[in-house]
Amino acid sequence: MLEQKFQFDDDLTVNRLGYGTMQLPGPGVWGPSADPENAVHVIETVIDHGVDFIDTADAYGPLFANLYLKEALKNRPDAKVMVATKVGFTRQGPDEWTAVGRPEYLRQQVEENLYTLGLDHIDLLQLHRIDHKVDLEDQIGVLKDMQDEGKIKHIGLSQVSVKQVKAARKIAPIVSVQNRYNLIDRRDEDVLKYAEKHHIAFIPWFPLATGKLLENPELASLTEKYAASPAQLALAWLLKRSDVILPIPGTSNADHAIDNIAAQKIELDDDDFKALSKLGK
């Protein structure tokens with residue numbers, strides 16, 4: 001049986017299959033959802049089905065995803081959910097993202113995340129992107145300062161190299177890395193291997209590669225054998241690939257969310273896992 005939990009510390013152990021809020025705001029991750037009540041309902045649904053690790057960001061909307069999550073958490077007061085959020089991007093419009101890592105801006109965004117999420121501290125605060133115009137020590141340093149102040153429990157990074165992770169770990173403890181990674185796009189395999197060696201959570205964004213992955217014939221050929229969708233098999237592959245992988249598939253449809261969660265019950269046999277592994281590059 002696969003190990004389906006990941007331990008961040010003595011108080012925070014989560015189910016490895018989480019949920020990401022990025023698809024809840026409007027087109028281009030900009031503006032509100034066309035149906036805000038549904039957005040809140042989707043989050044409530046994943047919580048009701050055992051998801052206790054939810055990834056969001058102040059840049060999603062901006063802020064709308066956080067507000068939906070805040071409402072869902074208010075409606076599920078007894079649920080123990082680890083919230084991960086991110087800072088370091090500014091938004092100028094749909095599908096426009098600009099990294100800004102000035103310490104005063106990052107501090108502002110942490111405070112804004114706390115307010116819009118309705119939390120007194122953030123379990124996992126991830127630097128959305130490293131701003132190459134600002135010293136890394138200044139970017140990680142301000143997050144470490146806020147960790148020392150009790151506003152951040154853990155610090156993570158997003159879309160980084162092994163070299164960057166090593167550099168950041170000299171400034172503050174790093175517990176997670178969120179890089180693009182899925183069944184057919186594994187260019188950051190070296191980062192995953194480094195994360196495995198150091199028990200760092202590896203949170204793959206774009207875990208399903210959307211349509212491109214789901215149309216793969218090799219993947220589709222196994223759907224009948226496992227009575228599963230291509231998306232479920234892709235998630236099952238990620239869960240089997242490494243005990244430090246925490247997939248966070250996002251959707252704005254509650255039924256799709258439930259289907260994704262069911263992927264953790266699929267156990268790929270070794271031959272099928274190896275066959276699927278050959279699809280990556």
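This is a predicted model: local features need pLDDT of at least 70, side-chain atom pairs count only at pLDDT 80 or more; totals for chains, interfaces and linings use all residues.
**Exercise 1. Is Lys 153 buried, partly exposed or exposed, and what is its relative accessible area?**

Residues are numbered from 1 along each chain as its sequence is written, and side-chain values use heavy atoms, with hydrogens and water left out.

*Step 1.* Recall the classes: buried is under 20% relative accessible area, exposed is over 50%, and partly exposed lies in between (1.4 Å probe, protein chains only).

*Step 2.* Lys 153 has a relative accessible area of 29%, so Lys 153 is partly exposed.

*Step 3.* Now look at its partner: Asp 9 forms a salt bridge with Lys 153, and the closest N and O atoms are 3.5 Å apart. A salt bridge here is a side-chain nitrogen of Lys or Arg within 4 Å of a carboxyl oxygen of Asp or Glu. Because Asp 9 lies in the loop between β1 (5-7) and β2 (13-15) and Lys 153 in strand β9, the pair ties together parts that are 144 residues apart in sequence. Asp 9 is buried, at 16%.

**Exercise 2. Find the strand order of the open sheet, and look at how β9 pairs with β10.**

*Step 1.* Helices (H or I, at least four residues) and strands (E, at least two) are DSSP runs, numbered from the N terminus. Two strands pair if DSSP finds at least two bridges between them.

*Step 2.* The seven strands run in the order β3-β4-β5-β8-β9-β10-β11, with parallel pairing. At the edges are β3 (19-20) and β11 (201-202), each pairing on one side only.

*Step 3.* Strand β9 (residues 152-158) meets β10 (residues 176-178) over three parallel bridges; Ser 158 has Gln 178 as its bridge partner in β10.

**Exercise 3. Describe the hairpin of β6 and β7.**

*Step 1.* Three bridges join β6 (residues 89-93) to β7 (residues 96-99), and the two run antiparallel. Phe 89 has Ala 99 as its bridge partner in β7.

*Step 2.* Two residues lie between the strands, and Asp 95 in the turn has a positive phi of about 60 degrees.

*Step 3.* Check the cover: four of the five residues of β6 are buried.

**Exercise 4. How do helices α5 and α6 meet?**

*Step 1.* Axes are lines fitted to C-alpha atoms, for helices over the stretch in contact, and angles run from 0 to 180 degrees between N-to-C directions. The axes of α5 (residues 162-169) and α6 (residues 189-197) come within 9 Å and cross at roughly 35 degrees.

*Step 2.* With contact meaning heavy atoms within 4.5 Å, Val 162, Val 165, Lys 166 and Arg 169 of α5 meet Asp 190, Val 191 and Tyr 194 of α6.

**Exercise 5. Where does Thr 45 sit, and which residues does Thr 45 touch?**

*Step 1.* Thr 45 belongs to helix α1 (residues 36-48), and at 6% relative accessibility Thr 45 counts as buried.

*Step 2.* A polar atom of its side chain lies 2.8 Å from the backbone oxygen of His 41.

*Step 3.* Leaving aside neighbours within four places in sequence, Thr 45 is in contact with Ala 254 and Ile 258.

Note on methods:
A polar contact is a pair of N or O atoms within 3.5 Å; within protein, one must be able to donate a hydrogen and the other to accept it, and residues adjacent in sequence count only if both atoms are side-chain atoms.
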